[in-house]
Amino acid sequence: GQKGESATFDSLQRQVTALEKNIQTLQADISRHQKFFSFRWVKSVGKKTFMSTGTKDSFENGKSLCTKAGGGLACPHNHAENTALREILKDSEQAYLGMSDVQTEGKFLYLNGRPVTYTNWETGEPNNDENEDCVAMYDNEKWNDIDCSNSEMLIICEF
Ligand code: 293
Ligand code: CA
């Protein structure tokens, strides 16, 4: 009868109102978490997210740290990604990039073996100064080839 239908309608309306309130709370929580995580160590660009724990280490240790976490060593493939990565660096910090020319001097390859397509070298780099096979980003967003065993490089991973 009509009474039953309107009781069902009232009940549904209350449920919808309650759900709307839940969604609002969740959206506020998500927004707060996004602000918290993007404060320093996390930068998202397109479908990629760069993340650092603040650890400084060598190229090999950095690679394994990122791989174990389910990602890879940060590797910008275009200007937008390069800028996002730079935003994680504090003044005078440097970070290893996921590429090297350890196989053939002067031929930089991504860690999957494909040739590097986007670069942002500092003037005069890469200079292979005393045999440098790895690449690090300076805090000015530019790249320098550098020794792979330098353990003072910030490790930034990508996911
Ligand atoms: C040389 C010349 C410097 C340069 C440096 C780096 C080392 O010392 O101008 O900054 O190499 O390329 O990776
Ligand atoms: Ca160099």
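Trainee: Which residues is Cys134 in contact with, leaving aside its neighbours within four places in sequence?
Mentor: This is a predicted model, so take each contact as computed. Cys134 sits in strand β6. Leaving aside neighbours within four places in sequence, its contacts are Phe59, Tyr96, Ser100, Asp145, Ile146, Asp147 and Cys148.

Trainee: Is Cys134 buried or exposed?
Mentor: Count the C-beta neighbours inside 10 Å. Cys134 has 25 of them. The cut-off for burial is 20 or more. Therefore Cys134 counts as buried.

Trainee: Which element gives the most to the largest nonpolar core?
Mentor: That core has 26 residues. The elements giving two or more residues are α2 (59-68), α3 (79-86), β4 (95-100), β6 (134-137), β7 (143-146) and β8 (153-158). With five residues, the top contributor is β8.

Trainee: What does Leu97 contact, leaving aside its neighbours within four places in sequence?
Mentor: Leu97 is among the core members that touch the most others. Outside its sequence neighbours, Leu97 is in contact with Ala74, Cys75, Val135, Ala136, Met137 and Trp143.

Trainee: Where is the cis peptide bond?
Mentor: Most residues other than glycine have a negative phi, and most peptide bonds are trans. Look in the loop between β5 (109-110) and β6, where Pro126 is placed. Omega is about -5 degrees for the bond joining Glu125 and Pro126.

Trainee: What is phi of Glu130, and is the residue buried or exposed?
Mentor: Glu130 is in the loop between β5 and β6. Its phi is positive, about 55 degrees, although Glu130 is not a glycine. With 6 C-beta neighbours inside 10 Å, Glu130 counts as exposed.

Trainee: What is phi of Ser92?
Mentor: Ser92 lies in the loop between α3 and β4. Ser92 counts as exposed because it has 7 C-beta neighbours inside 10 Å. Its phi is positive in a residue other than glycine, near 65 degrees.

Trainee: How do the residues around ligand 1 divide into nonpolar, polar and charged?
Mentor: Start with the names. Ligand 1 is surrounded by Glu125, Asn127, Asp129, Glu132, Asn144 and Ile146. The shell divides into one nonpolar, two polar and three charged.

Trainee: Which residues does Ser151 touch, not counting those up to four places away in sequence?
Mentor: Ser151 is in the loop between β7 and β8. It counts as exposed, with 12 C-beta neighbours inside 10 Å. Its C-alpha is 9.6 Å from that of Thr55, 96 residues apart along the chain. Ser151 touches Lys56, Asp57 and Ser58.

Trainee: What distance separates the centres of domain 1 and domain 2?
Mentor: The domain assignment gives domain 1 (1-39) and domain 2 (42-158). Their centres, taken over C-alpha atoms, are separated by 44 Å.

Trainee: What is the mean pLDDT of the protein?
Mentor: For the complex, the predictor gives an ipTM of 0.96 and a pTM of 0.79. In the protein, 97% of residues reach a pLDDT of 70 or more. The mean is 94.

Conventions: Residues numbered from 1 in each chain as written. Chains lettered and ligands numbered in written order. Predicted model: local features only at pLDDT ≥ 70, side-chain atom pairs only at ≥ 80, totals over all residues. Core = buried A, V, L, I, M, F, W, Y, C linked by C-beta atoms within 7 Å. Helix = DSSP H or I, 4+ residues; strand = E, 2+ residues; numbered from the N terminus. Contact = placed C-beta atoms within 7 Å. Near = placed C-beta within 6 Å. Nonpolar A, V, L, I, M, F, W, Y, C, P; charged D, E, K, R; others polar. Domains from an automatic or database assignment. pLDDT = per-residue confidence, 0-100.
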